[in-house]
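Please read the points below alongside the structure.

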Number of protein chains: 2
Amino acid sequence: MHAMVLKAFGGPDNLQPAEIDRPEPRAGEVLVRVHACSLNPVDMRIRTGLPIGPALPAVLGADLAGAVEAVAEGVTGFAPGDEVYGCAGGVRGLGGSFADYIAADARLLALKPRNLSMREAAALPLVSITAANCMSRAAVGASDHVLVHAGCGGVGHVAVQLAKARGARVAATVSSPEKAEIARTLGADDVILYGSESVADYVRRLTGGRGFDVVVDTVGGENLDRSFQAAAAGGRVAATAARSTHDLSPLHAKALSLHVVFMLIPLLENVGREDHGRIMREVAALAEAGKLRPLIDAARFTLGQLPDAFRLLESGKASGKVVVDLIRG
Amino acid sequence: MHAMVLKAFGGPDNLQPAEIDRPEPRAGEVLVRVHACSLNPVDMRIRTGLPIGPALPAVLGADLAGAVEAVAEGVTGFAPGDEVYGCAGGVRGLGGSFADYIAADARLLALKPRNLSMREAAALPLVSITAANCMSRAAVGASDHVLVHAGCGGVGHVAVQLAKARGARVAATVSSPEKAEIARTLGADDVILYGSESVADYVRRLTGGRGFDVVVDTVGGENLDRSFQAAAAGGRVAATAARSTHDLSPLHAKALSLHVVFMLIPLLENVGREDHGRIMREVAALAEAGKLRPLIDAARFTLGQLPDAFRLLESGKASGKVVVDLIRG
């Protein structure tokens with residue numbers, strides 16, 4: 001089969017086309033013909049050497065949508081021909097989706113939303129599971145006022161929609177008036193141009209100074225301090241990037257809860273993978289109910305153009321998820 | 001009435017005896033004849049100038065047990081003669097318990113546990129509410145393996161008992177073999193002499209290297225890093241002292257939740273005070289069921305000896321809570 005293979009950690013061009021053996025699904029696995037895959041920042045970090053990646057040479061790639069080609073023993077709920085999606089590879093011990101086929105743990109997959117294309121479905125898994133983890137860990141409910149940073153970002157754009165689906169009032173920070181418009185179409189009740197309004201100002205404008213019940217922070221670094229500042233007393237901050245050092249005094253003064261979300265743990269540690277399949281089913285139901293749709297950059301890439309796809313991702317100029325089509329839908 | 005009055009922030013001897021007017025209970029308040037009060041570290045910090053204290057001159061003191069003398073309008077559930085306890089003063093806007101009488105918000109009080117003396121009951125409120133907040137915020141349940149740091153400390157000794165009452169398996173860190181024995185009598189299943197066993201060692205010995213589902217940290221500072229280290233993947237850390245700066249990478253790697261508990265917020269902000277009364281009722285029920293008892297230092301103090309009581313607290317040599325008896329029980 002065709003695959004993009006990484007032989008040495010480094011830049012996008014280290015991903016090289018190769019013909020390799022089709023993987024054999026083991027017990028509990030499904031062989032999936034990959035129709036589309038999407039790129040996530042973690043793929044880039046693994047490509048450059050983050051030590052959670054597979055041993056080299058390796059096929060990277062976490063997100064996929066495709067058709068079941070075969071199922072191994074112990075798999076229930078999937079049959080050849082089923083259209084599926086999931087975040088099922090790209091880290092140590094697992095195959096990757098930057099290839100014609102992947103042998104994927106069935107617990108990580110679900111039937112693709114019927115109303116989404118393969119391309120659209122492939123955009124959702126990693127960011128949707130991350131956003132869903134933020135929602136459940138922070139127990140977002142209908143009475144909550146939620147702030148989503150980077151509301152047009154990968155995780156952010158799903159978090160806005162999931163928070164709305166839970167009935168919350170949602171504000172989103174964005175970088176430009178164009179993205180403000182996109183955030184509104186995703187359902188954001190209020191939009192904040194973070195470059196032109198201070199935290200104190202938008203907390204006053206949108207919450208009367210009280211702060212947000214929940215803040216979803218996918219940005220990290222100094223932005224996490226801004227999230228602590230924006231939270232109400234007793235509030236919850238869900239953070240997907242928290243490898244930095246912070247003064248926790250604001251957490252103390254307001255008795256905050258900080259929930260750090262790292263969605264790859266079930267893939268890395270082989271614990272709780274059933275949760276990912278369940279979330280993928282819930283996401284499919286929301287998509288089919290018209291409550292969730294992916295933001296996807298308009299650029300199209302074939303598998304061989306994967307380095308170009310990474311360059312777009314790394315430019316920061318993509319408008320939505322970057323998707324690669326293995327079979328042009 | 002007799003009271004110990006603080007006219008200037010400073011050491012224990014700045015608390016001076018004085019005759020002042022008995023407070024008048026306002027709507028929603030109960031006038032309580034204080035039989036016993038207990039000291040907490042926050043009283044010391046307020047005495048030395050922590051800016052959450054009352055305007056000077058002031059009567060400090062949060063914890064009390066006593067008898068209802070009178071109830072003002074709007075108070076239901078209490079009548080003169082009722083024996084009550086609670087954490088009801090010592091911060092801005094409130095009276096204090098270092099006096100013969102306090103006018104206390106009825107929402108902060110509950111009927112004293114019938115099987116505890118005034119002296120015992122007065123030891124419980126602030127530490128019990130703090131420990132109960134740790135339990136509820138971290139959602140401690142019967143399947144959890146809980147580590148309580150400073151298991152013989154003020155909050156710690158209640159946390160050990162509350163976690164046991166929820167069915168959890170509980171390990172406690174202590175400073176000495178004598179305190180290890182006390183922690184076992186409180187119900188700790190395992191005891192750790194923190195001076196002679198590393199975090200990695202006791203995590204290996206007690207959890208097989210997996211880590212604890214919940215860590216209760218009342219120590220703060222560098223100990224909070226040890227709590228992050230001791231937590232299992234997906235674990236929860238409840239911290240009552242988190243005014244310091246920390247590398248959050250361990251939270252990220254294990255997707256931890258950090259719940260910072262600051263029990264004075266309802267007193268300071270006048271929000272959620274009903275929760276405190278509810279917790280006091282739950283604590284009374286646990287005490288009456290034989291599931292919770294306070295650790296109290298054997299030293300006895302009259303109100304006039306309050307400076308000596310503070311000196312014992314501040315020496316770090318008290319064995320349990322430091323209590324002052326206004327009426328010798």
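Contact, as used throughout, means heavy atoms within 4.5 Å. This is a predicted model, in which local features need pLDDT of at least 70, side-chain atom pairs count only at pLDDT 80 or more, and totals for chains, interfaces and linings use all residues. Residues are numbered from 1 along each chain as its sequence is written, chains are lettered from A and ligands numbered from 1 in the order in which they are written, and side-chain values use heavy atoms, with hydrogens and water left out.

**Chain A as a whole**

- Chain A has 11 helices and 15 strands; helices (H or I, at least four residues) and strands (E, at least two) are DSSP runs, numbered from the N terminus.
- The radius of gyration of chain A is 20 Å, close to the 20 Å that the globule rule gives for 329 residues, so chain A is as compact as a globular protein of that length. The radius is taken over C-alpha atoms, and the globule rule is 2.2 Å times the number of residues to the power 0.38.
- Along the principal axes, the C-alpha atoms of chain A fill a box of roughly 60 × 40 × 35 Å.
- Of the 329 residues of chain A, 58% count as buried. Buried means under 20% relative accessible area, exposed over 50%, and partly exposed in between (1.4 Å probe, protein chains only).
- Among contacts in chain A with a separation of 6 or more, 66% come from residues 24 or more positions apart.
- The accessible surface of chain A is about 12,400 Å², and carbon and sulfur atoms hold 51% of that surface. Accessible areas come from the Shrake-Rupley method with a 1.4 Å probe; for residues, only the protein chains shown count as cover.
- The mean positions of the 34 positive and 35 negative charges of chain A lie 3 Å apart. Lys and Arg count as positive and Asp and Glu as negative, while His and the chain ends are not counted; the place of a charge is NZ of Lys, CZ of Arg, CG of Asp or CD of Glu.

**D217(A) and its surroundings**

- D217(A) is part of strand β11 of chain A and, at 0% relative accessibility, counts as buried.
- Leaving aside neighbours within four places in sequence, D217(A) is in contact with H149(A), N223(A), L224(A), S227(A), A238(A), A239(A), T240(A) and A241(A).
- From C-alpha to C-alpha, D217(A) and A241(A) are 7.5 Å apart in space, and they are 24 residues apart in sequence.

**Helix α4**

- In chain A, helix α4 (residues 154-165) has 12 residues and reaches 17 Å from its first C-alpha to its last, close to the 16 Å expected at 1.5 Å a residue. The expected span of a helix is 1.5 Å times one less than its number of residues.
- Nine of the 12 residues of α4(A) are buried, among them H157(A) and Q161(A).
- The buried residues of α4(A) pack against α3, β8, β9 (169-174), α5 (177-186), β11 (212-217) and α10 (273-288) of chain A.
- α4(B) is mostly covered, with nine of its 12 residues buried; H157(B) and Q161(B) are among them.
- Elements of chain B against which the buried residues of α4(B) pack include α3 (125-137), β8 (145-148) and α10 (273-288).
- G167(A) follows α4(A) and has a positive phi near 90 degrees; G167(B) follows α4(B), also with a positive phi near 90 degrees.

**Helix α3 of chain B**

- α3(B) has 13 residues and reaches 18 Å from its first C-alpha to its last, close to the 18 Å expected at 1.5 Å a residue.
- Since 11 of the 13 residues of α3(B) are buried, this helix is largely enclosed by the rest of the structure. The buried residues include N133(B), C134(B) and M135(B).

**Backbone exceptions**

- Most residues other than glycine have a negative phi, and most peptide bonds are trans.
- The peptide bond from L56(A) to P57(A) is cis, with omega near -5 degrees, and P57(A) is in the loop between α1 (41-47) and β4 (63-71) of chain A.
- The peptide bond from L56(B) to P57(B) is cis, with omega near -5 degrees; P57(B) is in the loop between α1 (41-47) and β4 (63-71) of chain B.
- A139(A), although not a glycine, has a positive phi of about 50 degrees and is in the loop between α3 (125-137) and β8 (145-148) of chain A.
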